[in-house]
Amino acid sequence: MDQVSIPAIDFSVFQAGHNHLQECVRDELVNDGVIDPLFELDSEDLDSLYSVFDLKYQENTSDKHVQLSEDQQQNISGYCTQSDDSSSNTDFPLQPVQIQSTFEASNRIQPQVPRLGNFHGEKTNPISSASLELLNNCGRLFKKSSEENLSNVHINEAHVGNIPKLSTEEILRVAGERYIQYSTQRVDGLSMFIHPYASALSGLSIEQTRDMELVHLLLAAAEEVDQQQFHLASQSIARCLWKASVTGNPIQRLCFYFGEALQERIDRETGRSPSFERKLRVLSTLALGTTPEALTCHTEIPFSQVMQFAGVQAIIENVKGATKIHLVDFNIRTGIQCTGLMQALAEQCDCPIELLKITAIGHQEKEKIEETGKRLQNFANSLNLPFSFDIVFMSDMKDLRAESVNVKADETVAVYCNAVLRTMICRPEYMDNTIRVIRGLRPSVVVVCEVEANHNSPSFLNRFVEALFFYGVLFDCFEDCMDRDNLARKRIEVFHIGEGIRNMVAAEGAERFTRNMKLDVWRAYFARFGMVEMELSESSWYQANLILKQFSQGSSCNVQNDGKALLVGWKGTAIESVSIWKFL
């Protein structure tokens, strides 16, 4: 299948709008004794790193355990807010594991993380339930695909010339395990305080060691926020932002946005309003069109095209023989996903198409949807494809009705839902209504593309760690696929990824609209409406793998099955899923 040539986009000059702490501010902190110039840790903060494990929290851990267990039973109509089942059949080698928020789970931790009481000549402190969540997520043994690299972490300094290249996720996992080791022991002497990892990381490069220290600060801040130790957390965040950078390597960028998000959570918890800069950024985000960024992701990042062509192939196979096809798209955006379908239908010889109708469902940016319709009409004209475009626009998605879509009796309907259902997770009545509307259209096939991640846990720390690993993989992908000074990359990271992290970490309740669920949870939810999953054909798999070969970094992108569905991942971690459904 030929690809559509997308014209180059001319970006305007981008101003990131983020600055680090000024040198004079740091000097003031040093002079005031807040920052130790040696390792930027003073004696008070050394104790604070262990304060979350103090005996005064031990009496509260059992209550928190009960609360976590009860929270995990919350759901949207029985499915949508529950954490995903850890029995997923996904076989990605580095897939982030589901956090088990129970004390019993700590007994299943692999020996790579030392057990309490196994240290000789060292004092240990009771571990908090917050740390157990970090422990269970970061403390598992690495899968075989990464063990070869990680085994070299402990090499002697004499072999530093053969330093292994670690992915962002591998750095996060090693740093997480080291953080737990450091947090569960107390050592007499200053050496461990100056460098919390001591000589264990002597085989890493200077940059990798600094990355480990940066993640260490971020995890400390997250635990302090979880324990509502906001003064200590603010100090950890200040140090984190001092070392982080929006223009640096993936770890530095990741920690910058997560550090900002943690600070905003503190501001919300303490009753402070977001800064003026924060308000301006939100307003800019609302006014920013997504077309340049969407086109950049489509052309530079493999995920978009892999998902698109696999989904299009499924539609073509399920409308085979129809001469009038009606595609209902619930998130049309630029309409790039439609062009592949239009090309394939225009090239059909055995069953010429009499009409391809596309109906775009939307509740915002009507003008942009109209512009997309005009572009698709021009593209159809160039293919001599009979085509019509319609818009069903409403101010609120809860007002959507099946009768709003003009479906003729002789039309074969296909529905395309790309990353739209996730926006309704926090509003279950909206999602229930959307599924009922889709069922009323009587489609021959429903294509669902969603983010493959669990970002819907009611536990803050659980959600924080899951998000940290997920976005770490995205930043790793951007680093490999786009230059650091790419203007589109900066806009994506600041206005989309950064805002997503901020909302996921800082907000709660209805304000936390950035949520994702894994495929197993979607399957359970769809089953309630009589939806049956269909298997993606070999042709869909062929299209997906064919697309990967066209990207220079395609070898880092993984395509793997999960039951009847397809998962697309980066260096072993699942990022997105595509599945196809029909109604009984």
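**Reading burial, contacts and backbone angles**

Student: What includes the cover over the buried residues of α19?

Tutor: The cover includes α16 (428-440), β5 (445-451), β6 (531-534), β7 (557-562), β8 (565-570) and β9. Helices (H or I, at least four residues) and strands (E, at least two) are DSSP runs, numbered from the N terminus. Contact means heavy atoms within 4.5 Å. This is a predicted model, in which local features need pLDDT of at least 70 and side-chain atom pairs count only at pLDDT 80 or more, while totals for chains, interfaces and linings use all residues. Residues are numbered from 1 along each chain as its sequence is written, and side-chain values use heavy atoms, with hydrogens and water left out.

Student: Which residues of helix α19 are buried?

Tutor: Buried means under 20% relative accessible area, exposed over 50%, and partly exposed in between (1.4 Å probe, protein chains only). In α19 (residues 519-527), the buried residues are L519, V521, W522, R523, Y525 and F526.

Student: Is S579 buried or exposed?

Tutor: S579 lies in strand β9 (residues 573-583). Its relative accessible area is 2%, so S579 is buried. Leaving aside residues up to four places away in sequence, S579 touches V446, V447, V448, L519, E533 and A565.

Student: With which side chain does the side chain of S579 make a polar contact?

Tutor: A polar contact is a pair of N or O atoms within 3.5 Å; within protein, one must be able to donate a hydrogen and the other to accept it, and residues adjacent in sequence count only if both atoms are side-chain atoms. The partner of S579 is the side chain of W581, at 2.8 Å.

Student: Where is E365 found?

Tutor: E365 is in the loop between β2 (355-362) and α15 (366-383). Although not a glycine, E365 has a positive phi of about 55°.
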